Amino acid sequence: MMLLKRHRRFAARSCPENAEYRTIFKPRMVKKKEYGLKEADDEVWEKVQDLLRARICQNSLPENMDGTFQSQREHLTDLIRRCATIGESNSALVIGPSGAGKTMLMSSILSELAKDSKISGNILQVHLNGLLQTDDRLAVQEITRQLRLENTVKDRVFGSMAEKLSFLLEALKKDEGKSQSILFVLEEFDLFAHHKNQTLLYNLFDISQSEQTPVTVIGLTCRLDVVELLEKRVKSGFSHRQIHLFHSLSFEQACKVCEDALTLPLNYLSKKFCTEWNSHVKEFLQERIVETSLRHLYDLDKSIRSVYSILLIPICRLGPSHPRLDSADVLDALKMSSCDSKSAMLQGLTILQLCLIIAMKHLAELYEGSNINFEMVYNEYQKFVQKKSNSIQCFGKPVCLKAFEQLIVLELVRPVEGSGFTGAKLTPKEYRSLKLLVTPLQVVETLNSFSCPSELKM
Amino acid sequence: MEMQYCWKGKFTVEGASKRRSKKYYEHLQLPDQTIVSTGDIVVIDNVDGEDFVAVVEHFYDNGQAMDSKRAKVQWYLRKSELPALGELRMPMVAHEQELFLFNRPKSSIVEVDIGTTVMCSNKTTGRVSQGNMDVVDALDLFSAAEMSSPRKKYCKFRAEYKTEICGRPRTTSRLSTSQRGENTPTRRKSVRISVPQSCPPLDRGKGQKHRDPTKTKSQRNRKLVFEDVDSDSDSLVEDENEDERLAKLKRLKKKVIESKSETPRTTSKVSVKRRKDTPRQAVASKKVPQSCPQPGASSRRSSLRKTPKRRINFSSIKEEEDEDDEDEWDGSESSSDDEEEESNYRPSRAKTPKKSVKGRTVATPKVKVSAKAATPQIRSRKTPRKTPSKPLEQARARLHVSAVPSSLPCREDEFTDIFSFVKGHLIDKLWGCLYVSGVPGTGKTATVHAMLEELNTEVQEGEIPAFQTIEINGMRLTEPHQAFVQILKHLTGQKATPQHAASLLEQYFSSPRPKSKPVVLIVDELDLLWTRKQDVLYSIFDWPTKPKSGLIVVAIANTMDLPERIMMNRVSSRLGLSRMTFQPYTFKQLQEIVEVRLQGLRAFDSEAIQLAARKVAALSGDARRALDICRRATEIAERTKQKGSKGTVGLNHVEWAVEEMFCSPKIMAIRNASEQEQIFLRALISEFRQSGLEETTFEEVLKQHVSLCRLQGFTPPSVSEIWSVCVHLASSNFATWKLVSMRLEKESCSMSVRMMLGLLSANQRVSRH
């Protein structure tokens, strides 16, 4: 099926052998044009870092994306092209999980089509984002602004909302085959479906289904059931073209993408430097630690963005004194990204607070998810201390209560809704029902990983 | 020394009283016997060491004991004095000695008190540029110059400021801040400047500095008191206010002129004389002077000093209209201001050839673009549209929902019903409503439109009386009450607020209108006009019940039982019983619809059409879907076309299209989900199975997840990571959750859970292979 089309994101580049270049390289060159990894100075590294960071952070479109989502790309390109040339109206939804490359696909198509003057001269683009245009008023205003209709002066749109809407609809209604086609790109399409009455969507789809100005409405969303969100008459107007994008890179392909992202073009700086670097990148990605780290991220989230995320720290640490990507840095990055926030917070607690948490964990295991209150915790705590009477200091109730309140502030413990924390009847502090937000798993993990008194480790 | 300044030539007297009278001279003799005439370029020295270039407009004697000799001068800027901004905008490169008109409306022309001192001609300053900057530039220039130029230093000295804006239209409320400066009736400050013609800096009697770049010999102090006409140059803030005020004034004036509601101004004499012999002329002639009413202009001067300045207050400036200041206006403003000054100080103007203002005011200002005047239009294409040529392309064009055929197949009965209803009512002059309901895509709106077209042809044939059609759509309104506004706008072209429109319409439909045509009102998406009070629905259905209304309402909505469900009794009773329901299309009808559109084209296999029709009929009966499927099938056929094949759309293409449109993407989504996401879903399902509940907490799923991971030989990820997996899944709406209680909630989709189960096992099988 088309969805299973392979994603050859980047064509393999054939790198010439290093050895050749090394023999060509003369160490005492006057021009100092050629330098290896070790000879490179700050400036070179800065340039390299800039390039790699721009790629890793996905600031720009990937340089080579032949074959990525080929059928989807053809479908969308076709729609836009026909809209521009023939004036055929269409609507389509691009659906795919976040990080699958919906926006990238869209922008790469647009940049490709922009080269064709026949198309770029006949189509206007309107880009909306559900996170920015949170209601139809803003959206209509933004459309008017982007179309630069005549009621716009210097980014300000005149008239009341009703006037703006009717003006816009009036503008779009006129069609004698002369007006330019309009491409609407709605990002976060599902949020537009939450607008009141879905007026905007209805009207856009209505225009696309009637003989007015040719429009193409393309929605990008990550919700699979987005069509169900549409009201029935809006849904009827939608042409039901759903273009699905999924993460379909296999792990090997993902590694290849990483390699391509890290590879420097040979004509970038010094040839010797680049070849040395590229071979180093190859070795680096084949290191066991790196591979398992990438695998770990890939298993969690298949999007290329998540895989890229651990490469950033090694890149940022590059420099004359540190001329290689280091697997230790990768481990650092992985540790940072996979660090559990709650466990990290637990590590900063006092012994007393830890004891309380342990007591609560016991209680949670005992009562299986029912709520607890401070009295119960204190009771349990005393039992726990008595068990290890000689090693742990026993604190009084007020001290424990103070420590306990600290835990509430840290949101490791959370009051249950409607349990007398607010409102008219305030229950005494000690008896308010609470819920432990730390899982036993996290507690155990913390106790094992962190240097706390061995008495606590049961 | 002082005596050496004396008038030369004849003078003209102006002003009746002795104290106020002025004598105008043409020439002034300087101590060194040089004679300065009006129109000469002079250098005026400043105590601070700056000297300025000016052109003498005229000399006069105010008849007072002290400082009686005065001159009125127009400031010019040298190139070095131009602020950077102005230079940038200059159309051409300035000559070193070029002078620039200092075209600030208020303070560019000042009165200089020669007193006993001098004014000197300095012909060496160079040529004076004419029209080098357009007017706007000059204005901008000034506001920049105000901040940067040392001209401000004058004001520290002794300048006589007074406001000269009497009689100008002014807003009352909005300008309050900006008028701060002018509110005081007359403020006087004086600036003392020495005006050197030939004074070297070393020789400064009485502690006043003067210098002259050209004539170093003469060593005289000249004191000039220059009387600034406006009060705004002493502080920056006021300056800005001034600009703002000017802008507003302009608007006001424009308004006055545009509306012509106000009496034209009484005097606005254009001093041509001044321009005749000064380089300003070129610039000035470009300007279009506009001016405002000036009550009592003849007695203005006397009134100026006694009375508060503003006489006329124009209220109600539209805020919205002030965005675009036209450039012309800047120009006209500045020149008219000049004129006012002129007329202030030289009311008689015996020597000046006068020009009637009437001729000039005719020059119309550029029409301002307001929202009302704007025509709604999209930019036009660069190349004309292509027309489809290939059969598949033609088929696609015909299958587009917008390409409505001339006659609607399968809706003949409904069409005749509606048509005869409206026609009968029109002929019998009976007014009433018709309610049309039916699920989306059953041709309601299309039928009504076809009916209207048919009626119109009959009107042309003279069979039925002419009528007016008004169409509103509930979805195109921002708010139900806007319906009134829209109806009124279509009916009479008036604009009104919803409440006002409602009452106007009420009046319109209840009073007899023998001459006007009956109205057919189409209300689409009626259910959206529902309000709590139902006043919109009530009025719409109430109007036809009035005997003189001449109104037929055709209301269209989705739901059949709308009147019973949402309308109050008094509304539904007025709606009456004339209702019509559009049934969803059957597969035969759908097939016919597609076939009618494709008549004469060999693009589709007949089985293909039938398949599409059957699929759609089984799902919704929405004609749009059927058309969309067929359209998509043509695309697929086009792309997969092989050489030698017929090139028509076959069964497989339609099947593909149907699958694309209606298949659930969940299967693919799960198959392409990451390993941990799949494990999480599996954990979710096993949790649901174990508990038998539709809801579970994240903690429970976590346990399941970790144990599943262990089972499969993965190291379990940290809790944060699992949470992020969960969030990721939720963004695709596999599971919904309530964050507050950290609770995962299954949304009434045991079906989808089952589906997922099937999928996951299928997936496992796949992965085992």
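**Exercise 1.** Determine how many helices and strands chain A has, and what share of its residues is buried.

*Solution.* Chain A has 22 helices and 9 strands, taken as DSSP runs (H or I, at least four residues, for helices; E, at least two, for strands) numbered from the N terminus. Of its 458 residues, 54% are buried, that is, under 20% relative accessible area with a 1.4 Å probe, protein chains only.

The model is predicted: local features need pLDDT of at least 70, side-chain atom pairs count only at pLDDT 80 or more, and totals for chains, interfaces and linings use all residues. Residues are numbered from 1 along each chain as its sequence is written, chains are lettered from A in the order in which they are written, and side-chain values use heavy atoms, without hydrogens and water.

**Exercise 2.** Describe how helix 19 and helix 21 of chain B pack.

*Solution.* First, the axes of helix 19 (residues 606-619) and helix 21 (residues 651-662) of chain B come within 8 Å and cross at roughly 25°; axes are lines fitted to C-alpha atoms over the stretch in contact. The two helices of chain B are therefore roughly parallel (angles under 35 degrees). Next, the contact (heavy atoms within 4.5 Å) involves, among others, L611(B) of helix 19 and V658(B) of helix 21. Its residues divide into 8 nonpolar, no polar and 3 charged.

**Exercise 3.** Locate T447(B) and state whether T447(B) is buried or exposed.

*Solution.* T447(B) lies in helix 12 (residues 444-461) of chain B. Its relative accessible area is 1%, so T447(B) is buried. Leaving aside neighbours within four places in sequence, its contacts include L408(B), F415(B) and F582(B).

Key
Axes fitted to C-alpha atoms, helices over the stretch in contact; angles between N-to-C directions. Parallel < 35°, antiparallel > 145°, perpendicular 65-115°, else oblique. Nonpolar A, V, L, I, M, F, W, Y, C, P; charged D, E, K, R; others polar. Buried < 20%, exposed > 50% of the residue type's maximum accessible area, 1.4 Å probe, protein only.
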